[in-house]
Amino acid sequence: MSVTLDIRLKRANKVYHEGESVAGVIVLACKEATQHHGIFLSMEGLVNLQLSSKSVGVFEAFYNSVKPISLISCGIEVAKAGKIPGGKTEIPFEFPLNPKGNKALYETYHGVFVNIQYTLRCDLKRSLLAKDLSRNCEFIMHCQPQKGNISANPVNFTITPDTLQNSRERSLLPKFLIRGHLDNTTCVVSQPLTGEVMVETSDVPIKSIELQLVRVETCGCAEGYARDATEIQNIQIAEGDVCRGLSIPIYMVFPRLFTCPTLETTNFKVEFEVNIVIVLHDDHLITENFPLKLCRV
């Protein structure tokens with residue numbers, strides 16, 4: 001007997017805040033009446049931490065201390081064992097979003113070594129001959145907006161061979177002068193990062209100018225911390241040997257789910273940085289790094 005199971009939330013955008021209720025319906029559809037052994041619904045919020053391959057073996061105790069952190073967990077029996085009538089059946093449900101104990105509900109975030117996810121799971125138990133049915137549905141948690149105004153933190157920068165930090169042979173570097181500014185390094189996660197960059201002089205032709213958004217994830221315990229930086233997105237803002245003295249706009253939208261307000265807890269940290277990368281014609285890279293503080297208002 002084929003039965004289809006689905007979870008539909010009342011909010012189309014699936015975005016919720018702490019203290020609100022997650023409401024929706026469980027949708028069951030079958031051609032004729034079907035026997036079942038109970039329908040169960042559970043809600044879970046987990047932080048999964050992972051070590052990068054370079055840190056494996058360095059922190060042996062890490063594996064024991066970094067079990068998934070449960071932020072919210074509850075379940076209900078939606079229907080006792082019985083029969084589902086033929087056709088379409090909708091069972092409404094509602095869960096309050098209250099964290100366990102004194103924990104906080106962090107914002108949904110899909111990273112590489114830190115993952116914060118909130119899911120609903122519905123299980124339809126059936127007899128031994130028929131397989132149990134289950135369906136998962138992820139919903140998105142947004143942290144409470146920050147009260148008050150965010151103070152602007154603009155940054156002006158100048159890049160020359162003398163300002164570069166990791167260059168081995170400074171005397172062999174071509175001469176260049178690149179200026180610019182970022183309008184704010186304390187950014188609202190729902191608004192774009194903006195600014196300008198200008199190539200004033202360069203002895204060698206420029207191939208490309210790129211804007212790279214980087215996540216810096218730190219996982220740790222008493223033994224130590226593993227800090228890993230990985231790229232989220234890379235946007236080319238100029239191609240070819242750009243005109244000298246021309247202002248090139250910087251405009252980057254923060255991707256949903258892959259960014260969240262800057263987060264710092266005892267077990268993990270999620271921070272963000274932006275790199276302005278100038279690729280020279282011989283594929284040499286000039287990179288200027290700016291730490292960002294993301295928040296929600």
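The protein chain contains one helix and 21 strands, where helices (H or I, at least four residues) and strands (E, at least two) are DSSP runs numbered from the N terminus. This is a predicted model, in which local features need pLDDT of at least 70 and side-chain atom pairs count only at pLDDT 80 or more, while totals for chains, interfaces and linings use all residues. Residues are numbered from 1 along each chain as its sequence is written, and side-chain values use heavy atoms, with hydrogens and water left out.

**The chain as a whole**

Taken along the principal axes, the C-alpha atoms of the protein chain fill a box of roughly 80 × 45 × 40 Å. The radius of gyration of the protein chain is 25 Å, whereas a compact globule of 297 residues would have a value near 19 Å; the radius is taken over C-alpha atoms, and the globule rule is 2.2 Å times the number of residues to the power 0.38. Of the 297 residues, 44% count as buried, a word that here means under 20% relative accessible area, with exposed meaning over 50% and partly exposed lying in between (1.4 Å probe, protein chains only). Among contacts with a separation of 6 or more, 72% come from residues 24 or more positions apart, contact meaning heavy atoms within 4.5 Å.

| Residue | Strand | Relative accessible area |
|---|---|---|
| His-36 | S4 (residues 34–36) | 4% |
| His-181 | S13 (residues 176–182) | 23% |

His-36 counts as buried because its relative accessibility is 4%. Leaving aside neighbours within four places in sequence, His-36 is in contact with Ala-79, Lys-80, Ala-81, Gly-82, Lys-83, Ile-84, Leu-124 and Lys-125. The side chain of His-36 also reaches the backbone nitrogen of Gly-38 at 2.9 Å.

His-181, by comparison, is partly exposed, because its relative accessible area is 23%. With neighbours within four places in sequence again left aside, its contacts include Val-155, Phe-157, Glu-196 and Ile-250. The side chains of His-181 and Asp-183 are joined by a polar contact of 3.2 Å, that is, a pair of N or O atoms within 3.5 Å, where within protein one must be able to donate a hydrogen and the other to accept it, and residues adjacent in sequence count only if both atoms are side-chain atoms. Finally, His-181 and Glu-90 are 91 residues apart in sequence, and their C-alpha atoms are 55 Å apart in space.
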